[in-house]
Amino acid sequence: MPLASIRSMLLAAKSGQYAVCAFNIENMEMAQAAISAAAELRSPVIIQTTPGTLKYAAPEIYLAMVRQIAAAAPVPVAMHLDHGETYEMAERCRAAGYTSLMIDGSKLPFEDNVALSCRVTAMAGETPVEAELGTVGGKEDGHGAAIDYTDPDKAAEFAARTGIFSFAVAIGTAHGVYKGEPRLDIALLKKIRAVVNIPLVLHGTSGVAAGDVQECIASGICKVNYATDLRMAYTAGVREALALKPDSFDPKYFGAAGREKVRLTAMERIRLTGSQGAA
Ligand code: 13P
């Protein structure tokens with residue numbers, strides 16, 4: 001299929017009380033694995049790239065690769081910019097063909113975050129925009145931050161003034177590997193849900209207990225981001241393959257092993273978030 005918009009995906013998830021997985025990919029094997037997991041489970045899927053990934057290779061390269069893999073898939077695949085850092089980065093990804101864009105002004109003062117998000121929604125036109133208020137903690141692309149919980153009243157004002165399509169909440173999750181047990185504030189999520197009637201996004205989902213993820217979805221989350229889990233799965237597959245045959249020098253050998261681990265992990269996450277059979 002041609003690349004899909006997350007608009008219909010997330011609105012269907014919102015009314016159906018399930019969530020669509022957004023998988024961060026780093027290479028072709030991870031993209032193939034995530035999309036083949038979705039195809040096998042008849043699920044829509046979102047593929048996304050962070051700024052760090054886009055510094056490693058250009059957005060046009062990832063877009064072309066994902067578009068080709070999606071063209072042969074029997075399920076809708078969206079291509080999303082994750083944590084877009086600047087207006088220019090969002091504009092470039094949109095021009096490349098990304099079907100949705102996140103602009104992350106969460107480290108800026110409130111008014112500056114509103115202004116940046118407004119500029120991006122105006123530029124994006126029909127392309128859906130995600131933004132964040134408050135701070136998801138942990139490390140993404142090597143940058144660390146402490147958790148700063150989303151203020152529900154500010155969230156309502158932010159969503160109304162910016163015209164964003166989806167909203168990333170900070171309710172206690174963190175990017176990267178958790179040092180302790182993550183403690184999510186589900187009551188806060190419900191308060192946000194009560195005043196922000198657009199699709200809500202959970203970041204930092206790797207390492208969150210399955211029951212907590214399901215509770216978040218029951219409380220209004222309809223897009224769930226996974227990066228660390230897939231990076232770890234890929235690397236574990238590569239490590240195991242190289243340990244088994246230390247003399248191997250064919251990247252296809254260990255790449256296929258990484259790809260298979262990512263496929264299995266992605267299938268597990270899709271089953272958990274309830275989008276199986278939704279495509
Ligand atoms: P994790 O690395 O914790 O899965 O977070 C992913 C994410 O939120 C990407 O935006």
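Predicted model: local features only at pLDDT ≥ 70, side-chain atom pairs only at ≥ 80, totals over all residues.
1. Residues are numbered from 1 along each chain as its sequence is written, and side-chain values use heavy atoms, with hydrogens and water left out.

2. On the ligand's surroundings: 14 residues surround the ligand, the closest being Asp 82, Gly 204, Ser 206, Ala 227 and Thr 228, where a residue counts as near if one of its heavy atoms lies within 4 Å. By type, this shell divides into 3 nonpolar, 10 polar and 1 charged (Ala, Val, Leu, Ile, Met, Phe, Trp, Tyr, Cys and Pro count as nonpolar, Asp, Glu, Lys and Arg as charged, and the others, Gly among them, as polar). At least two shell residues are supplied by each of β3 (77-84), β9 (174-175) and β11 (221-226), strands being DSSP runs of E with at least two residues, numbered from the N terminus.

3. On atom pairs at the ligand: an oxygen atom of the ligand is 2.5 Å from an N or O atom in the side chain of Thr 228, and a ligand oxygen atom is 3.2 Å from an N or O atom in the side chain of Asn 225. For Gly 176, a backbone N or O atom lies 3.4 Å from an oxygen atom of the ligand. The protein covers 100% of the 310 Å² of accessible area that the ligand has on its own (Shrake-Rupley method, 1.4 Å probe).

4. On the strands: β7, β6 and β9 form an open sheet of 3 strands in the order β7-β6-β9, with mixed pairing; two strands pair if DSSP finds at least two bridges between them. Because β7 and β9 stand at the edges, each with a single partner strand, one side of each is left without a neighbour in the sheet.

5. On the two pairings: β6 (residues 137-140) and β9 run parallel and are joined by 2 bridges, with Gly 137 opposite Ala 174 in β9. Strand β7 (residues 143-145) runs antiparallel to β6, through 3 bridges; here Glu 140 stands opposite His 143, and Gly 138 stands opposite Ala 145.

Notes: Polar contact = N/O pair within 3.5 Å; in protein donor to acceptor, adjacent residues only side chain to side chain. Helix = DSSP H or I, 4+ residues; strand = E, 2+ residues; numbered from the N terminus.
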